[in-house]
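Look at the sequence and the model together before reading on. The report below goes from the whole chain to single residues.

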Amino acid sequence: MKHLTRIQIGALREQMLAREALLASEIERVMAERSAREPEGREVDPGVVDLDSALAIADVLRDQHEVDHIRAALGRMDRGTYGRCLSCGTSIPLERLRAQPDAEYCHVCQTRAEGGG
Ligand SMILES: [Zn+2]
């Protein structure tokens, strides 16, 4: 049973692809800045990371994490399981998907997962 039309899914796919491209370019920019600051061939002690680098790495990891989520959601679109809660299987409302196209859970399961009580 489909609760989303082909057009709605298409729009959400576009939204995710645009977001993915934005994140990818952001990751690329941060990585380029980092490698520009660290001359090639320099030995970098992985145990010693300055705060700036640590923040940049945290940013990249967060962006990468979101990219992973978006790709997973795009995969679900291909398999035809997109828009259903991964936990209880209920249809995730279009409004929720528009706000967060890579949402994996319905509101109830998400709240439960976050330990909202
Ligand atoms: Zn659910």
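This is a predicted model: local features need pLDDT of at least 70, side-chain atom pairs count only at pLDDT 80 or more; totals for chains, interfaces and linings use all residues.

**The chain as a whole**

The protein chain has four helices and zero strands, and its pattern along the sequence reads α-α-α-α. Of the 117 residues in the chain, 11% are buried. Among contacts between residues at least 6 apart in sequence, 58% join residues at least 24 apart.

**Helix α2**

Helix α2 covers residues 51-79, which is 29 residues. At 1.5 Å a residue the helix should span 42 Å, and its end C-alpha atoms are 42 Å apart, so the two values agree. After α2 comes G80, which has a positive phi, near 80°.

**The nonpolar core**

In soluble globular proteins, nonpolar side chains tend to be buried together. In this model the largest nonpolar core has eight residues: L12, M16, A73, Y82, I92, L97, A103 and C106.

**L94 and its surroundings**

L94 belongs to helix α3, residues 94-99. Is L94 buried or partly exposed? L94 counts as partly exposed because it has 16 C-beta neighbours inside 10 Å, while a buried residue needs 20 or more. L94 and I9 are 85 residues apart along the chain, and their C-alpha atoms are separated by 9.5 Å.

Terms used:
Residues are numbered from 1 along each chain as its sequence is written. Helices (H or I, at least four residues) and strands (E, at least two) are DSSP runs, numbered from the N terminus. The expected span of a helix is 1.5 Å times one less than its number of residues. A residue is buried if 20 or more other C-beta atoms lie within 10 Å of its own, exposed if 12 or fewer, and partly exposed in between; C-beta atoms are placed from the backbone. A nonpolar core is a set of buried Ala, Val, Leu, Ile, Met, Phe, Trp, Tyr and Cys residues joined through C-beta atoms within 7 Å. Two residues are in contact if their C-beta atoms, placed from the backbone, lie within 7 Å.
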